Amino acid sequence: MAGQKKDGKAVPDKSLWERLDKPAAAPRASLSLERIGAVAVRVADAEGLAAVTMRRLATELGVAPMAAYRHVSGKDDLWALMAERVAAEHRIPDELTEWREVLHAFALLTREMMLRHPWVGQLPTALFVLTPGRMAIAERQLAALDGLGLDEDSMMAAFRTVSAYAHGAASSETALREWTRSEGWSSGDETRMGLAPQMTYLMGTGRYPTYRRYGLRSRRKDDATWMFETGLECVLDGIAARFGI
């Protein structure tokens, strides 16, 4: 039910999540918040976040643009629905209870989700948008840290540190994938061949001896999984050492 107007568009009286929990008695079969979110994610997966517009969604859903606006008030609601949709992919097994294994699983699931949905890292509110699913994810992490002698601020700092690492590392990985694909390179070897003229000059200056040694000796240049998990273990080791847990 529409209430006040924002930017000329009707804004529902109830919050987005209240409307999901308590849908209208007889919603249109062709249109619902769940379906809008599903279609938005499908379009973003196939064509990128920029392709997700209210007009495009209305076309995909087979409704008039104003019909979509009666369900979501604009991009903020739409992004929240998309974030909620992919949050459902964070299914940490119930048998994991120890803080380190819970946060470790969360980070791996975050990476997997962002590799499936590269646009997530482009959401303006990627880390902070509030949805029921994302609140449940945070609750799971905080509950695993509860009872270890940490105060509430320290528990949140630990969770946010792992979350920031997972989102940041995964965003960097997806950006690299998109860039190499745009250059027409399909492997690490092709990428290094493409960058060879620049790298040869830079290494020839003698200013970067440690990086040169890495380039010559590294055996895991293309092992993104190892790189992510090693960095994650460093983060978890740091949390354990800092808080004595």
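Helices α5 and α7 are oblique to each other in this predicted model, because they pack at an angle of about 50°. For orientation, α5 covers residues 75-87 and α7 covers residues 132-145. Their axes are 7 Å apart. On the α5 side, the residues in the contact are A83, E84 and A87. On the α7 side, they meet P132, G133, R134 and I137. Sorted by class, that contact has 4 nonpolar, 1 polar and 2 charged residues.

Helix α6 spans residues 99-116, and helix α8 spans residues 152-182. The two axes come within 9 Å and cross at roughly 30°. An angle under 35 degrees counts as roughly parallel, so α6 and α8 are roughly parallel to each other. The crossing of α6 past α8 is right-handed.

Which residues of α6 make the contact with α8? They are L103, F106, A107, T110, R111, M114 and L115. From α8, the residues in the contact include A158, F159, V162, A166, H167 and R177. By class, this contact has 10 nonpolar, 5 polar and 3 charged residues.

One residue of that contact deserves a stop. T110 lies in helix α6. Is T110 buried or exposed? Its relative accessible area is 0%, so T110 is buried. Not counting residues up to four places away in sequence, T110 touches H90, A166 and H167. Both A166 and H167 belong to the α8 side of the helix contact.

Next, the cores. In soluble globular proteins, nonpolar side chains tend to be buried together. Here the largest nonpolar core has 35 residues. Which of them touch the most other members? Those are I36, V52, L57, L61, L78, M82 and W119. Several helices supply at least two residues each to this core: α2 (33-47), α3 (54-61), α4 (65-69), α5 and α6. There is also a second, separate core, with 27 residues, and I92, A144, M155 and F159 are among them. F159 has already come up, as part of the α8 side of the contact with α6.

Last, a look at L78, one of the residues that touch the most other members of the largest core. What is L78 in contact with, leaving aside its neighbours within four places in sequence? The list is I36, A40, V52, M54 and L57. Of these, I36, V52 and L57 are also named with L78 among the residues touching the most other core members.

Notes
Residues numbered from 1 in each chain as written. Predicted model: local features only at pLDDT ≥ 70, side-chain atom pairs only at ≥ 80, totals over all residues. Heavy atoms only, no water. Axes fitted to C-alpha atoms, helices over the stretch in contact; angles between N-to-C directions. Helix = DSSP H or I, 4+ residues; strand = E, 2+ residues; numbered from the N terminus. Parallel < 35°, antiparallel > 145°, perpendicular 65-115°, else oblique. Left-handed = near helix turned anticlockwise from the far one by under 90°. Contact = heavy atoms within 4.5 Å. Nonpolar A, V, L, I, M, F, W, Y, C, P; charged D, E, K, R; others polar. Core = buried A, V, L, I, M, F, W, Y, C linked by side-chain atoms within 4.5 Å. Buried < 20%, exposed > 50% of the residue type's maximum accessible area, 1.4 Å probe, protein only.
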